[in-house]
Amino acid sequence: YYTKEFISITAQVGSEPARNAFLKARVLFTKDPEITEIVERIPVFQQGEKEEKLLVFCANLWLNASYFWGLRQESTYLKYKTAVEIVYCCYRIILQENEVLFPCNRNLERVVQNLTDKPHNITALADAFLERMVTERLQGIVEATKGVSSFRGAEELDVRLTNCMVYYERWRSTEKRHCNELSRTGNIALL
């Protein structure tokens with residue numbers, strides 16, 4: 001059970017995992033005719049956000065695959081975090097190109113694997129890179145992802161990297177604000 005307020009907010013500004021949670025949702029009973037329409041608007045890929053998100057994930061991929069990857073010798077933590085972030089960005093780029101909602105980290109690899117329009121053996125490339133984190137394998141997964149991405153070039157990279165940071169900060173503050181609003185009214189539900 002979710003309140004009308006909760007599903008309305010999710011339909012307007014819900015995160016991709018929150019939207020994905022409603023993919024197979026059905027309204028079984030309601031006295032409010034708006035509920036069904038609101039629920040149907042939730043599990044929809046946000047076409048208007050596609051270009052911005054694609055730009056953000058490409059910038060984040062570039063930042064991790066070049067700058068942070070260059071620093072990996074300084075810290076084991078940084079090496080592992082950077083490698084995982086690179087794979088994450090590659091997968092998120094592929095989801096954006098396919099206009100598929102990000103399910104959650106737990107199901108991300110499975111969803112990417114099941115896509116028909118993806119780089120050949122992308123999850124095998126990612127696994128190989130994570131098992132043996134060397135530059136040649138990094139280049140393999142990045143080049144494979146570039147091959148299916150509409151993103152081209154590194155022009156205006158400063159703008160792209162700024163957008164990357166703004167996107168993550170805005171996402172955090174938006175999610176926090178909406179959770180605070182719901183918790184104040186007692187209408188919070190976790191997805």
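1. In this predicted model, helix α5 (residues 76-98) packs against helix α7 (residues 122-131) with the axes 10 Å apart and an angle of about 170 degrees between them. Angles over 145 degrees count as roughly antiparallel, so α5 and α7 are described in that way.

2. The residues behind this packing can be named on both sides. From α5 come A83, V84, I86, V87, Y91 and I94, and they meet I122, T123, A126, F129 and L130 of α7. Sorted by class, the contact of α5 with α7 holds ten nonpolar residues, one polar residue and no charged residues.

3. Helix α5 also packs with helix α8 (residues 135-148), here at an angle of about 15 degrees and with the axes 10 Å apart. That angle makes α5 and α8 roughly parallel, because the term applies to angles under 35 degrees. The crossing of α5 and α8 is left-handed.

4. In the contact of α5 with α8, the α5 residues are I86, V87, C90, I93, I94 and E97, while α8 supplies L138, I141, V142, T145 and V148. By class, nine of the residues in this contact are nonpolar, one is polar and one is charged. I86, V87 and I94 of α5 are named in the contact with α7 and also in the contact with α8.

5. Helix α6 (residues 105-114) meets α7 as well: their axes come within 9 Å and cross at roughly 140 degrees. The cut-off for roughly antiparallel is over 145 degrees, and α6 and α7 are therefore oblique to each other.

6. In the contact of α6 with α7, E109, V112 and Q113 of α6 face I122, T123 and D127 of α7. The classes here are two nonpolar, two polar and two charged residues. I122 and T123 of α7 take part in this contact and in the one with α5.

7. Helix α4 (residues 50-70) can be checked for length. At 1.5 Å a residue, its 21 residues should span 30 Å, and the end C-alpha atoms are 29 Å apart, which agrees. Helix α4 also has a kink of about 30 degrees, centred on N64.

Terms used: Residues numbered from 1 in each chain as written. Predicted model: local features only at pLDDT ≥ 70, side-chain atom pairs only at ≥ 80, totals over all residues. Heavy atoms only, no water. Helix = DSSP H or I, 4+ residues; strand = E, 2+ residues; numbered from the N terminus. Expected span 1.5 Å × (residues − 1). Bend = angle between axes of the 7 residues up to and from the residue. Axes fitted to C-alpha atoms, helices over the stretch in contact; angles between N-to-C directions. Parallel < 35°, antiparallel > 145°, perpendicular 65-115°, else oblique. Contact = heavy atoms within 4.5 Å. Nonpolar A, V, L, I, M, F, W, Y, C, P; charged D, E, K, R; others polar. Left-handed = near helix turned anticlockwise from the far one by under 90°.
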